[in-house]
Amino acid sequence: MDFADLNDVEPIPQDDGPEPVCSIAYSPEFIKAYDYLRALLKADERSERALNLTTFCLKLNPANYTVWHFRRRCLISLSAETDQTPAIDVERIEKDLDFADKLGGTNPKNYQLWYHRRALLEFRFKEEGDILQVAKKELEYVDKILDDDSKNYHAWSHRQWIIKTLNKTELWSSEINYSHSKVLSDPRNNSAWNQRWFALHEGKISSVYSNDRSAVLSLEKAKEEASYALYGADLDPFNESPWRYLVGILMEQWRSAKRGRDADDIAKVTGLIQENIGKIREMKKSWEEKRPNDHSSGSSASLLSALVDLLEIFTDAKESLTEAKALLGKLMLEDPVRRKYWLKREKHITKLLVSIEQKENNAV
Amino acid sequence: MTYVALCTLLALGDDLSRVDRGGIMRTLRRLQREDGSFSSVSSSSSRIGTGRRRDGAGGGVEEEEEEECDDDDDDDSDLRFVYTAAAIRHLLLVTAAAADDHDDDDDDHLDRDGPSTEEANDEYDDIDVSSATSYVLSCRSYDGALGLVPGGEGHGGSTFCGIAALRLLGTLDDALLDGSSSSSSSSSSYAGGETGGGWREDLVRWCVSRQRSVLPPPGKTTTTTTTTTTVANDDDAPVVAPAASAGMQGRPNKPEDTCYSYWIGGTLSLLSESDLIDRRALREYVMSCQGPSGGFGKVEGATPDLLHSFYSLAWLALSDERGLCDANDTSGGDDDDGDDEGHRSKLIRTLSELDCALGVCSKRVGRRAIG
């Protein structure tokens, strides 16, 4: 970098204190660049040369959030004034998205880079033009990143941010399709399952736990999703993701119905859960028949664990609980790393069974 | 950075008396957003917000009115920063309070959880604990874990951040009851109850499931399932084959990484459920990540780095609760000389006690460990 246009600037050295410990061995170029940057920061000079300097500084350290912030201030200042609201020219936004992409190549997990894209897009989404097109282009960009690393957390979060910010029906539904395509290419991609949940619920929060009934799926939809989950599980029952998705879907229905206290709703949801318990039993049987000598472990633990969770919903049903208890015994042997956990669950069920028996005795 | 600075000062034995507590608390309060989360950077303090503009070299200076502090919202605001805010607040209000009251034998200052808002407000601005708690809870995923932001996939790092934040804010116990019936009622289902189970159970299950599977010892599984081989009690439980190694993953179907021993192991500690994992196997995994010249890498064979070294040691320190070598484990003596296993256990026991929620040595915080 040519520092010629900074000749009038008095560089400010980094203050490492009187007795530096674990000093970083910066290159002379790094030191020079950052010494100048400190000076421009102090003067709060938001000029073209300041912007250029941040470009250089960020190439040296793309994680320096102070420099990113200053860069954005420069971009705003250098852009045309529009009433009093800060804005960044569209051309500058495009250029910076490109800059971030280039830096992002070797840094796909850099928080500051992903945030910079969001900051730019926030401005972009306020501008004229086909915002949906801009969003789709960005989603394509993220898809490229996911091609390299299908579970990149930042990438999936970024997709969520775009879709939630624009809140367009088209984007919500296309994201369901996108998640599906990712599940198909790797059913073990837990991020893809999570994205499906996100898209279906249109970003409404933690419907499994909250009291927000508007967030809960319709019974019909839940039925479809349960089938989808079982379809995913059948591809590989040892895969935890579809099982937890299934349990999530059913628990959301159950808890919502119980909170609502409508007997009819509760009955319908009970039916749905029982239906799925039946299907899981079938699946279990069929897999055991296929591989009677295979107890490579932890494997079917996902199936067994889901089945136990569902059976245990019915706290008054002796048969269900007895079945669950037996399954937990199996889990203790087949999934020994979690033996103590399964034992605790088993003890709890034993208590429930004792309690049922006491009630029966009292009734006699 | 403020959290790191405070922890560093404590680690170096400083009593934080020179720290501008009021200033930091005011900043924390200002950084808190409407949804309860926290902006991560306070830009106004870096003097970029004075509104002055200058053209190229030597141009005239135009003084504009001071800009509003919208600058504060120019960075991420996810669960990491609820955690750092909660930790900073705890260090300043509780540690400081404990340090101030030298003659105070009253254990109230050594509460497990942070000070109440009323207590904090007496001297300093306080954050909105209730909305911070709500934000954490809004990050719950359908599988019981916490995502980094609402809607985010459940992840070990964010789960720890959220749970530790709630512990430090003093709202964890109430939050865990959210949505479940009283756990003391024997007629309630573990996963059932009034609303069909609770978050606490789901969270524990999720955490416990993050430990990679271990093959069962040969001959221990039966092909018949008509009778169960239910274990009568823990003492008689079959022992996992010696030296079985099982690390923690950060999310379902992801590879193990030693730092998750802390994120997941730590979360379970905070929930008082760390007994439920196979600590021995986890320890084996963590130790396998130790490099030939010392330090820990993320996986076996990886170059050691500071982050993985810290979190490996942090979990090893936590893992020594009540002694890592259970009385029930028959492999490897406790104090056998020349026995690698016993020797290793001894070394682990020499690690300082860690305050799990804060991530600093308990003795540096001057109070009983949290979690």
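Start by selecting Arg261 of chain A: this residue follows helix α11(A), and its phi is positive, near 60°. Helices here are DSSP runs of H or I with at least four residues, strands are runs of E with at least two, and both are numbered from the N terminus. Before you go on, note that this is a predicted model, where local features need pLDDT of at least 70, side-chain atom pairs count only at pLDDT 80 or more, and totals for chains, interfaces and linings use all residues. Residues are numbered from 1 along each chain as its sequence is written, chains are lettered from A and ligands numbered from 1 in the order in which they are written, and side-chain values use heavy atoms, with hydrogens and water left out.

**Along helix α11(A)**

Now select residues 240-260 of chain A, which make up helix α11. (The expected span is 1.5 Å times one less than the number of residues.)

Hop to Asn239(A), which caps the N-terminal end of α11(A). One of its side-chain oxygens sits 3.1 Å from the backbone nitrogen of Ser241(A).

How many residues of α11(A) are buried? The count is 18 of 21, so the helix is mostly covered. Buried means under 20% relative accessible area, exposed means over 50%, and partly exposed is in between, using a 1.4 Å probe and protein chains only.

For a closer look, pick Gln253(A), which lies in this helix. Gln253(A) counts as buried because its relative accessible area is 6%. Show its surroundings: leaving aside neighbours within four places in sequence, Gln253(A) is in contact (heavy atoms within 4.5 Å) with Val216(A), Leu217(A), Ser218(A), Leu219(A), Ala222(A) and Val269(A).

Next, select Cys22(A), in the segment before α1 (28-43) of chain A. Its phi is near 55°, a positive value in a residue other than glycine. Buried or exposed? Cys22(A) is exposed, because its relative accessibility is 74%.

Then switch to chain B and pick Ser272(B), in the loop between α9 (260-270) and α10 (279-288). Phi is positive there too, near 55°, and the residue is not glycine. Ser272(B) counts as exposed because its relative accessible area is 57%.

**Cysteines in chain B**

How many disulfides does a search of the whole structure find? Zero, over all chains, with a disulfide taken as a pair of cysteine sulfur atoms within 2.5 Å. Select Cys7(B), for instance: the nearest cysteine sulfur is that of Cys361(B), 10 Å away. Cys7(B) is buried because its relative accessibility is 11%. Cys139(B) is in no disulfide either, and the nearest cysteine sulfur, in Cys161(B), is 10 Å away. At 0% relative accessibility, Cys139(B) is therefore buried.

**Zoom out on chain A**

Along the principal axes, the C-alpha atoms fill a box of roughly 95 × 50 × 40 Å. The radius of gyration is 28 Å, whereas a compact globule of 364 residues would have one near 21 Å; the value is taken over C-alpha atoms, and the globule rule is 2.2 Å times the number of residues to the power 0.38. Buried residues make up 55% of the 364 in this chain.

How values were computed
Polar contact = N/O pair within 3.5 Å; in protein donor to acceptor, adjacent residues only side chain to side chain.
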